[in-house]
Amino acid sequence: MTAQSVILPLPSDHARFIVIRLGQLTVEQLKQQLNHLINTRDRLITQHANAEIKTAIVFSPTLWQQLHSQIPENFHQLEPIQGAFEMPVDAGDVLIHVASSKADICFVLSQAFFHGIREQVEVLEERTCFKYLDSRDLTGFIDGTENPQFKDDREEVALLGKDAGIFADGSFVVAQRYVHDLDKFNRLKVDAQENVFDDQNLKASRWKTM
């Protein structure tokens, strides 16, 4: 196994995230559609060599069991977390992450995947994303300051090690989406805004160490 092309590089200027449940689509039809997506990606890479085109295709634990006879250790569906704050889970079957320096490339790749199947699948997310200023969150705060900046460091945290056997260099993905109340946030003074992120970072740290 090798790392998928979107896993290790630093974020691109544009991206799309797609999450679906198969619905009426069979596993064999899904494979055909993913082949069409990959063939389209490879053609676009040839035509737009400087567009930094990258993709990743992610399967849920349930769907993975239909695709492969072996399962990576610790590969399981996350459960909702209830407490001081709620972390719900809306599990899909497939997550597709496409990225590029060009927004139109992301659009074409999205269309390639959905061609002929949109009415058969349940679309949980189809999110258009972009790099905001100097990699800031929409609140205006710089995002990802603790992310590793060097390739070797990113490999260490993002890829499964050699002890994972045939799954070495694969990755687990936890996709999270946060909803901001920007009007309320922007009415806060800067020190209060900073406290919001300090509190969130503390909660995230506690969650990681559970």
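A search of the whole structure finds 11 salt bridges, a salt bridge being a side-chain nitrogen of Lys or Arg within 4 Å of a carboxyl oxygen of Asp or Glu. The structure is a predicted model, in which local features need pLDDT of at least 70, side-chain atom pairs count only at pLDDT 80 or more, and totals for chains, interfaces and linings use all residues. Residues are numbered from 1 along each chain as its sequence is written, and side-chain values use heavy atoms, with hydrogens and water left out.

**Salt bridges**

- R118 pairs with E126, the closest N and O atoms being 3.1 Å apart. R16, R118 and E126 are linked in a network of salt bridges.
- R118 is partly exposed, with a relative accessible area of 33%, and E126 is partly exposed at 31%. In these terms, buried means under 20% relative accessible area, exposed over 50%, and partly exposed in between (1.4 Å probe, protein chains only).
- E125 and R177 meet through their side chains in a salt bridge of 2.7 Å, N to O. Because E125 lies in strand β4 and R177 in the loop between α4 (151-158) and α5 (182-186), this pair ties together parts that are 52 residues apart in sequence. E125 is buried, with a relative accessible area of 18%.
- D42 forms a salt bridge with R41, with 3.0 Å between the closest N and O atoms. D42 counts as partly exposed at 36% relative accessibility, whereas R41 counts as buried at 18%.

**Helix α1**

- Helices (H or I, at least four residues) and strands (E, at least two) are DSSP runs, numbered from the N terminus.
- The 21 residues of helix α1 (residues 27-47) should span 30 Å at 1.5 Å a residue, and the end C-alpha atoms of α1 are 30 Å apart, which agrees. The expected span of a helix is 1.5 Å times one less than its number of residues.
- The buried residues of α1 are V27, L30, Q33, L34, L37, T40, R41 and L44. Seen down the axis of α1, these buried residues fall within an arc of 140°, so they line one face of the helix. The arc is that of the directions from the helix axis to the C-beta atoms.
- An α-helix has 3.6 residues a turn, so residues three or four places apart point the same way.
- On the face of α1 turned away from its buried side are the exposed residues Q32, N39 and T46.
- The cover over the buried residues of α1 includes β2 (54-59), α2 (61-67), β3 (94-100) and α3 (103-114), contact meaning heavy atoms within 4.5 Å.

**Helix α3**

- I105, C106, L109, S110, A112, F113 and F114 are the buried residues of α3. Their cover includes β1 (14-21), α1, β2, β3 and β4 (122-130).
- Just after α3, G116 takes a positive phi of about 85°.

**Strand β4 and L124**

- L124 is found in strand β4 and counts as partly exposed at 22% relative accessibility.
- L124 and V19 are 105 residues apart in sequence, yet 5.4 Å apart in space, C-alpha to C-alpha.
- Not counting residues up to four places away in sequence, L124 touches V19, I20, R21, D90, A91 and G92.

- Most residues other than glycine have a negative phi, and most peptide bonds are trans.
- E52, which is not a glycine, has a positive phi of about 55°. E52 is placed in the loop between α1 and β2 and counts as partly exposed at 46% relative accessibility.
- D169, also a residue other than glycine, has a positive phi near 75°. D169 lies in the loop between α4 and α5 and counts as partly exposed at 34% relative accessibility.

**Nonpolar surface patch**

- L78, V89 and V174 form a nonpolar patch on the surface, with about 210 Å² of accessible area together.
- V89 is found in the loop between α2 and β3 and counts as partly exposed at 34% relative accessibility.
- Patches are made of residues with over 30% relative accessible area and no salt bridge, with like charges joined within 9 Å and nonpolar side chains (Val, Leu, Ile, Met, Phe, Trp, Tyr) within 5 Å. Accessible areas come from the Shrake-Rupley method with a 1.4 Å probe; for residues, only the protein chains shown count as cover.
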